[in-house]
Amino acid sequence: MDAQFLVIASKIRPPQGTTSLVRRDRLAALMNTAAQAKLCLILAPAGYGKSTLMSERFHKLSDTNQIVAWVCLEHDDRDPVRFLTYIVAGLNRADKTAVSGTQALLRSGTGMQVRSVLHTLLNEIGTTDQPITLLIDDYYRAECAELNDLVDQMLEHAPENLRLVIASRAVPKLSISTLRAHGQLSEIHARALRFELDETTSFFNDVYKLDLSDAQITSLHERIDGWVTGLQLASLSLKGREDREGFISEFSGSNRDIVDYLASDVLDRQSPETKQFLQRTSILERLSAPLCTAVTGFEDSQQIIEQLERDNLFLLPLDDNRSWYRYHHLFSEFLLRSFERENLGRVVELHRLAYQWFGGQNMIPEAVGHAIAAKDWDRTAAFIESCWHDMIKMGRVLTLYGWIGRLPPEVLTGRPLVQLAYSWALALMRQCDGAQTMYDAARAKIEAGLLGEGQTSDGQQQALIMELQTTQALIAVFEDDIDRIRKVVETPVYEAPESDPFIRGVQANLLVFSNQTVGRFDAARRAAAHGRALHIRADAVYGMVYSDFFLTLVDITEGDLGAAERHGLRAYQLADSRVGKNSGPAALPASLLAAINYEWNRIDVARRYIELAVPMVNDCAVLDAVIFGYRTLSKIQFLEGATGEALESLGIAEAIGHRENFPRLTVSILDQRARILVQQHDINGASRAVAEMQTLAERAEIRRIELWPRVRSVADMAKARLLIAKGAPDRALRLLKDYTASAEAAGRGLALVELRLLEAISDYKLGNRGAAIRRLGRAFIAGQRGAMVRIFADESSELKPLFMASVEEWAKSQFPGASSPDHAYVAQIAKAMGISIDSSKTLKTAGQVTDINVECLSGRETEVLHLVAEGTTNKEIAARLGVAKSTVAWHLKNIYGKLEVNNRTAALAVARRNALLD
């Protein structure tokens with residue numbers, strides 16, 4: 001589509017002619033002070049010079065080589081993605097590298113989420129050395145709940161080098177009380193913007209050379225009250241007028257009265273042609289000579305525009321080439337009112353001429369706006385049908401949703417393609433019931449070959465059937481209904497001729513996901529390869545990332561963590577190179593790479609990935625990124641002794657599950673909560689969590705999904721772990737028996753390791769020492785494939801006695817790997833558990849070593865260790881010592897290495913035995 005479909009260049013630069021003609025040092029000084037706050041609000045009614053003040057700030061900052069962006073908002077900018085697109089375009093105009101990752105993300109296509117874009121933007125701004133200022137003009141024109149929420153998030157998470165300056169006619173409904181309380185808000189109101197008497201004098205006599213007397217100026221100043229637009233209108237009316245005294249004495253009243261009076265006077269003094277031109281073009285947000293010719297019929301539009309600019313008739317150029325202009329909003333509003341009074345009913349005709357011109361230029365969003373204004377609903381629907389694919393791919397879901405919402409019900413009912421577009425928009429906004437209703441209505445007509453204006457061809461019909469399949473699967477994804485996804489996408493689609501490779505790639509990706517869930521791993525791998533190839537053809541970054549993301553899930557499920565890392569890294573590196581590491585696409589594989597590295601006991605690497613993933617994964621289309629992200633985050637926090645933070649992180653994810661009605665997410669998070677509570681010996685708390693899991697599983701899965709019910713299995717394994725903690729290992733064994741057999745048959749390697757581990761612990765507690773050692777050996781052998789470590793180490797409180805007994809038996813084996821695991825692998829797990837194995841294969845627990853150099857800790861490390869002993873969190877330690885939280889983590893890593901341990905508990909044990917805390 002035309003580049004202007006994405007960004008209108010004139011909206012990211014201040015209009016020419018907005019620089020004040022009168023020197024106002026007082027106001028400039030006020031602006032210098034106010035703009036140091038995180039948020040500066042410039043609040044005044046129309047015509048008080050807000051844009052002029054903003055423009056002067058823009059040029060001053062630009063002259064000092066600071067990064068400054070200008071965005072002038074319009075009604076369509078209520079769409080948060082469109083708003084962010086203009087913010088990024090404005091910053092990119094100032095500095096090509098400052099937000100290049102965010103710009104790439106915005107160009108990446110379907111799947112883009114507002115929060116992902118915002119976090120990427122703020123992260124990039126935060127890593128820039130220079131101060132950055134965003135100037136947002138005419139905020140009131142786009143203000144809505146969605147945009148206010150986005151700006152609130154921007155302010156809440158703004159880095160130190162970011163400043164926002166917002167101009168609006170009224171106080172925007174932002175959450176600014178906290179900023180005000182912390183002295184981070186400045187406000188400039190109409191009183192400060194008003195011209196003072198000396199400035200009014202300079203305006204009339206120095207700038208406009210009207211040679212008014214002091215008495216005349218004082219009278220005008222008092223009547224107009226320093227209102228800038230009123231002064232400008234008065235100067236136009238006074239120019240060349242002989243009876244100045246009579247004119248000055250005749251007007252008074254509100255700003256609206258003054259506008260109508262003065263603007264009428266200005267308009268009536270124009271030629272009939274110029275007056276018609278002004279009135280007819282007042283419907284346009286922005287205007288150019290060809291557009292004006294189309295709307296007015298005047299072939300000399302270019303000459304008229306040039307004359308209006310020379311006469312200073314409130315016409316502001318929007319670009320350096322003077323191709324596009326706009327009227328001052330107050331003047332435009334007056335012109336439109338006057339035209340409507342004199343030409344009842346003709347405004348619709350003008351909007352029709354405007355949308356015909358914009359449509360011919362392929363500037364569809366602006367064409368839609370005029371078609372809606374003309375209430376030409378059939379044309380509006382036709383425009384939507386022609387562009388909704390592009391709107392979805394560009395992430396402009398809210399704009400599309402708003403357009404369709406304006407259509408009368410009878411028009412929507414007769415337009416199945418618009419209904420299909422609406423279904424996508426509703427699904428992507430998590431309004432799945434409405435999406436399904438629209439889908440059902442569209443399908444009935446499409447399958448009958450009726451598109452509202454005729455019948456479909458065979459080729460078009462086949463493509464639409466594929467699109468219907470994809471829409472149904474999309475809805476199922478957002479409902480997390482894997483059973484329905486599988487049924488929808490299993491219909492063969494590979495042979496469909498001349499189909500959109502992106503749509504086909506989406507279907508292939510869904511096949512990967514659904515086949516992985518039900519254990520058809522070979523089919524999942526084939527679909528992943530096919531889907532990735534299709535998305536390469538479509539150059540769809542998100543599609544390629546999702547292909548590898550789902551493939552990584554297959555690898556993890558099978559327990560092959562080496563293959564999982566390869567595929568995860570391929571997805572992550574692609575996302576990093578194309579849209580940046582702080583992006584939604586990168587967050588998907590990052591969530592899995594964090595889990596993989598945690599399992600390998602590479603905690604520092606896992607932490608780096610999880611810090612990238614967690615801020616983004618709330619907006620991912622599939623739940624697995626949320627599940628892996630928050631579970632891994634809580635595991636790292638718990639391992640580092642921050643139990644409160646770990647439970648708090650789980651609470652965030654659990655709230656998402658309840659709010660969005662995702663039982664799989666809720667059950668997975670409750671499982672991790674129960675594990676932590678069991679290790680904390682809070683059996684009652686763990687019991688409540690498991691009971692809630694069981695209730696959710698019964699509601700969510702009345703029937704089994706093939707051999708592996710994804711919610712029920714998690715709930716029952718959590719129940720088995722709880723039974724072991726309660727002293728009922730026999731009941732745990734009975735509960736796990738069927739799951740172990742089905743996991744082994746299905747090749748679910750990761751689950752099989754955990755199941756055999758729980759069975760081994762149960763057998764050992766029942767006194768079945770030989771059976772327990774054999775089961776643990778099989779668990780270790782299964783774990784060797786993926787080099788799994790933490791799955792064992794995290795169970796160390798229950799596993800240690802059995803582990804020590806098992807190692808003695810395995811050491812006797814002459815054939816490691818046959819009936820017992822590899823000794824080096826066992827030693828690796830032992831180290832993670834705080835146990836060391838000597839060269840003769842005997843065991844000694846951490847803390848019993850006698851060769852630790854207790855003098856090796858630095859003074860700061862000893863200080864950190866004492867704070868750990870007090871039970872403080874990393875965050876609290878950082879505050880106490882006045883350092884960053886990452887610095888505390890670095891000190892702990894050094895302490896663990898010197899004491900030959902891997903967690904806080906073991907470190908404190910060694911420290912106490914060696915009198916390091918005395």
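A charge is taken to sit over a ring if NZ of Lys or CZ of Arg is within 6 Å of the ring centre and within 35 degrees of the ring normal. By that rule the charged end of K11 sits over the ring of Y86, 4.2 Å from its centre, and R286 lies over the face of W324, at 4.0 Å from the ring centre. The model is predicted, so that local features need pLDDT of at least 70 and side-chain atom pairs count only at pLDDT 80 or more, while totals for chains, interfaces and linings use all residues. Residues are numbered from 1 along each chain as its sequence is written, and side-chain values use heavy atoms, with hydrogens and water left out.

K11 and R286 also belong to the lining of the second largest cavity, together with S10, R13, P15, C72, E74, E285, L318, R326 and H329. A cavity is, on a 1 Å grid over the protein atoms alone, a set of points where a 1.4 Å probe fits but cannot get out, whereas a pocket is an open set with protein on both sides within 12 Å along at least five of seven lines; lining residues have an atom within 4 Å of a point. The count comes to 6 cavities of 30 Å³ or more.

The second largest pocket is lined by 33 residues, of which E611, P615, L633, Q637 and K885 lie nearest its centre. Among the elements that give two or more residues to this lining are α5 (114-126), α33 (623-639) and α46 (885-899), but α32 gives the most, with 8 residues. Helices here are DSSP runs of H or I with at least four residues, numbered from the N terminus.

A search of the whole structure finds 19 aromatic pairs, where rings of Phe, Tyr and Trp (its six-membered ring) pair if their centres lie within 6.5 Å, and planes under 30 degrees apart count as stacked, over 60 as edge-to-face and the rest as tilted. Two tilted pairs are set out below.

| Pair | Centre to centre | Angle between planes |
|---|---|---|
| F203 and Y208 | 5.0 Å | 50° |
| F780 and W810 | 5.1 Å | 50° |

F780 lies in helix α40 (residues 769-784) and W810 in helix α42 (residues 796-810), so the pair ties together parts that are 30 residues apart in sequence. Both F780 and W810 are buried, a term for under 20% relative accessible area, with exposed over 50% and partly exposed in between (1.4 Å probe, protein chains only). F203 is likewise buried, at 7%, whereas Y208 is partly exposed, at 21%.

Key:
Points joined across faces, edges and corners; volume = space filled by probe spheres on them.
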